[in-house]
Amino acid sequence: MSDKEEIQGPDSLTKKAKDLNIEGYPIEGLSIGGHETCIIFPSLSVAFDIGRCPLRAVSQDFLLISHAHMDHIGGLPMYVATRGLYRMKPPTIIVPTLVKEDVEKLFEVHRKMDHSELKHNLIGLDIGEEFYLRKDLKVKAFKTYHVIPSQGYILYSVRKKLKQEYLGLPSNEIKNLKLSGVEITYTLEEPVIAFTGDTMADFIVDDSNIDALRARILVMEFYITGTDHGLPLIRNSHILLMWIKWIGDEEHIGSITLDFPIDCTKSEFLGVLEQIRHGTLNTHCTFVNDSITVEHARDYGHTHLSEIIKHAGMLQNQAILLIHFSARYREEEIQQAIAALPPSLAGRTFALTEGF
Ligand SMILES: [Zn+2]
Ligand SMILES: [Zn+2]
């Protein structure tokens, strides 16, 4: 973390939670890259990652942990202890199988130190494995790509539906069929929520992750937004993404999409900026911080803005909730970047800015 990144002061802690309701699901929690991530779906009693254990997380019966970085797992003992303190039922905690043993040891150490029970039900889940949280809700782990072992989770709603051939039958006939032992229903499983945790964009092009891309809501991290250089964002029909590298004393531009020379000189670049400023360039423009390239994001196992846009067509989700912004950004900058997304993402993309 650079020294430019200020820690959020107590002001932000007292700020009233912002109401976020997507696709009929209220969503709470907060996510600040490197600080803490905990995403809560209170209507399902599910929290994804625990961060530093925000108070609202304590009342969720199910906790799904994506990976063991401190900003995602740090509050785990506190979560279990606080539920014990309030005599709530022991929570069910799902972790990647690889870290299960260490999590057990962690609780052993805490028990030894404070002589408490720390009751909970710990489940190790491997990629592709499923677990029923309730009769009508199951979770499946999917592969993500981070610098340490990690996985995402898909929540499926599981419902019994009447088979096509019995639709429209009078209810007493259906009842009789059922009594005679005929299987009149089938099980409909629908991916409703997918949570990635920290990952590079590679999870999008992994064929086995198709359900994550068609879940009604995708909660994914988004490492960088950038509205640098004090440029106004121009909203036009095209998107231009670029990042700027200093080579010698000249700025070079790498552009991943259209309408722009890939390698132009600083003066050419400034000329284009002038055109953008004056609205004479037909370009929709999101600038990505020059210090943070796709490669930089990948080095730390994260997803870069440009990669999300590149893969936008593959994301069939009705809604995408972007989380895990760096603390260096202000809420306005994040909202500006969201507002400037291309049509393929606009309107269905939200940002969790609690704490910013
Ligand atoms: Zn993180
Ligand atoms: Zn991480």
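Two strands are counted as paired if DSSP finds at least two bridges between them. Strands (E, at least two residues) are DSSP runs, numbered from the N terminus. The structure is a predicted model, in which local features need pLDDT of at least 70, side-chain atom pairs count only at pLDDT 80 or more, and totals for chains, interfaces and linings use all residues. Residues are numbered from 1 along each chain as its sequence is written, and chains are lettered from A and ligands numbered from 1 in the order in which they are written.

An open sheet is formed by 6 strands in the order 3-4-5-6-7-8, with mixed pairing. Its edges are strand 3 (28–32) and strand 8 (121–125), each of which pairs on one side only. From one strand to the next, the twist averages 20° (axes are lines fitted to C-alpha atoms, and angles run from 0 to 180 degrees between N-to-C directions). Strand 3 is joined to strand 4 (residues 36–41) by 5 bridges in the antiparallel sense; here, E28 has I40 in strand 4 as its bridge partner.

Strand 13 (residues 217–221) was examined separately. A residue is buried if 20 or more other C-beta atoms, placed from the backbone, lie within 10 Å of its own. Because 5 of the 5 residues of strand 13 are buried, this strand is largely enclosed by the rest of the structure. I217, V219 and E221 point one way from strand 13, whereas L218 and M220 point the other way.

Strand 13 runs parallel to strand 12 (residues 185–195), to which 3 bridges join it, and V219 in strand 13 stands opposite F195. Strand 13 also pairs with strand 17 (residues 319–323) in the parallel sense, over 5 bridges. In this pairing, V219 stands opposite L321 of strand 17.

Conventions. Helix = DSSP H or I, 4+ residues; strand = E, 2+ residues; numbered from the N terminus. Buried ≥ 20, exposed ≤ 12 C-beta atoms within 10 Å, placed from the backbone.
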